[in-house]
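Here is a short briefing for a first look at this structure. Keep the model open while you read.

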Amino acid sequence: MSKGKLQKFAEMETFDNVFQYPYSVIENIPFEMKGHWHEQYFHNNNPIVLELGCGKGEYTVGLAKLFPDVNFIGVDIKGARMHTGAKQALAEKLDNVAFLRTNIEVIDRFFSQNEVQEIWLTFSDPQMKNPRKRLSSTFFMERYRRFLADNGTIHIKTDSNFLFTYTTHMVNRNNLPILFRTEDLYHTDGFDEQTRTILSIQTYYEAQWIERGLNIRYMKFSLPHNGELTEPDIEIPLDDYRSYKRNKRSGLQKHE
Ligand SMILES: C[S@@+](CC[C@H](N)C(=O)[O-])C[C@H]1O[C@@H](n2cnc3c(N)ncnc32)[C@H](O)[C@@H]1O
C-alpha cells in the first residue's frame, strides 16, 4: 500500500464521522448502532439517505449541504476514496453526514426495518459479468427492502447503457413505479430548480464520463415491500468502452 494511502487510513481512524466494518470486522463484532442511527449518531429524527458505492462521497456531501434537515450516509469499501468526503464533511462541520466502510453485500446488517428513506446509486460498476454484484439487481433490492421504508425511493445515475437498460428491465418486470427516467440528463427539460441543482452534483466518475462525451442517464423509482421480485433474463448490448470478457445475459441464476 502506498504511503499516501496508509496515511489516509491512519487519519480515518481518528474521524468520528467514519465507521469501518469490512467483512473481517462485521463477522466478529455486531454493529450496535443498527436501528439507532438517529439517537446515537445524528441526534435528530430526520430522514436518512444512503449513497451506495459513494467513492469520494460527492453526492453524500453535496446533498448534505443542500438539505441540512436530512441525514446522509456514504457507503463504500474503498477507504482511500471515502477519506476525501469524510475529511470535507468534518472541515465543513456537516453533522448530517456519516460514512460507512463496508461491503454493500452485507448492508442490511447496519440498518433496521424502515430506518432509511432513500438510496442513491451513483455511477455504480455495471458488473456486466456478475449480475449478482450489480447494485440494482433483485438480489440487492431484497437486501434494501430490509431497511428501506415501504415505497422508498431509489435513484440511479450512470453513464452505462448496460446498467441503465438492465435496471429499466428489472424495474419494469417487477412493476416498480418509475418516478422519473431520462437517457440524457443534461439535455432533458422539465426539472424544477431544486431537482436540477441536485442532479447537477457531479461525482469523480461522472466528470470523467462527461469528458469522454458520454450521456448521463438518470432514473428514480420506488421499491414497495410487497411482491416477489424476479430477475430479468434478457440480452443487453455490452458497453463497448469498458474492458470485459463477458456473458451478455443478465439472469442471476446462470452466475450463482
Ligand atoms: C465506479 S465507482 C463510483 C464512485 C462514485 N460514486 C463516483 O461516481 O465517483 C464505484 C464504487 O462503488 C464501490 N463498490 C462497488 N461495489 C461495492 C460493494 N459491493 N461494496 C462496497 N463498495 C462497492 C467501489 O469501491 C467504487 O468506489
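With 27 C-beta neighbours inside 10 Å, E51 counts as buried. Buried means that 20 or more other C-beta atoms lie within 10 Å of a residue's own; exposed means 12 or fewer, partly exposed is in between, and C-beta atoms are placed from the backbone. This is a predicted model: local features need pLDDT of at least 70, side-chain atom pairs count only at pLDDT 80 or more, and totals for chains, interfaces and linings use all residues. Residues are numbered from 1 along each chain as its sequence is written.

**The site with E51**

- UniProt, in an unreviewed entry, lists E51, D76, N103 and D125 under "binding site". These four are spread over 75 residues of sequence, yet they cluster in space, with a largest C-alpha distance of 13.8 Å.
- UniProt positions follow the numbering used here, feature names are shortened, and annotations may be inferred rather than shown by experiment.
- E51 sits in strand β2 (residues 48-52). Helices (H or I, at least four residues) and strands (E, at least two) are DSSP runs, numbered from the N terminus.
- Leaving aside neighbours within four places in sequence, E51 is in contact with G57, Y59, T60, F72, G74, V75, W120 and T122. Contact means that the C-beta atoms of two residues, placed from the backbone, lie within 7 Å.
- D125 lies in the loop between β5 (116-122) and α6 (138-145). D125 is partly exposed, with 15 C-beta neighbours inside 10 Å.

- T203 is in the loop between α8 (193-199) and α9 (204-211). T203 is buried, with 20 C-beta neighbours inside 10 Å.
- Not counting residues up to four places away in sequence, T203 touches G55, E58, Y59, T122 and F123.
- Y205 belongs to helix α9. Y205 is partly exposed, with 19 other C-beta atoms within 10 Å.
- Leaving aside neighbours within four places in sequence, Y205 is in contact with G55 and F123.

**Around the ligand**

- The ligand is surrounded by 18 residues, and the closest are G53, G55, F123, T203 and Y205. A residue is near a molecule if its C-beta atom, placed from the backbone, lies within 6 Å of it.
- Helix α9 gives the largest share of this shell, three residues.
- By class, the shell has six nonpolar, six polar and six charged residues. Ala, Val, Leu, Ile, Met, Phe, Trp, Tyr, Cys and Pro count as nonpolar, Asp, Glu, Lys and Arg as charged, and the others, Gly among them, as polar.

**The core**

- The largest nonpolar core has 48 residues, of which L50, I73, V75 and I119 touch the most other members. Helix α7 (residues 161-173) gives the most to this core, with six residues.
- Such a core is a set of buried Ala, Val, Leu, Ile, Met, Phe, Trp, Tyr and Cys residues joined through C-beta atoms within 7 Å.
- I119 touches L50, L52, Y144, L148 and I154, not counting residues up to four places away in sequence.

**The whole chain**

- The protein chain has nine helices and eight strands.
- Buried residues make up 35% of its 256 residues.
- Along its principal axes, the C-alpha trace of the protein chain spans about 45 × 40 × 40 Å.
- Among contacts between residues at least 6 apart in sequence, 78% join residues at least 24 apart.
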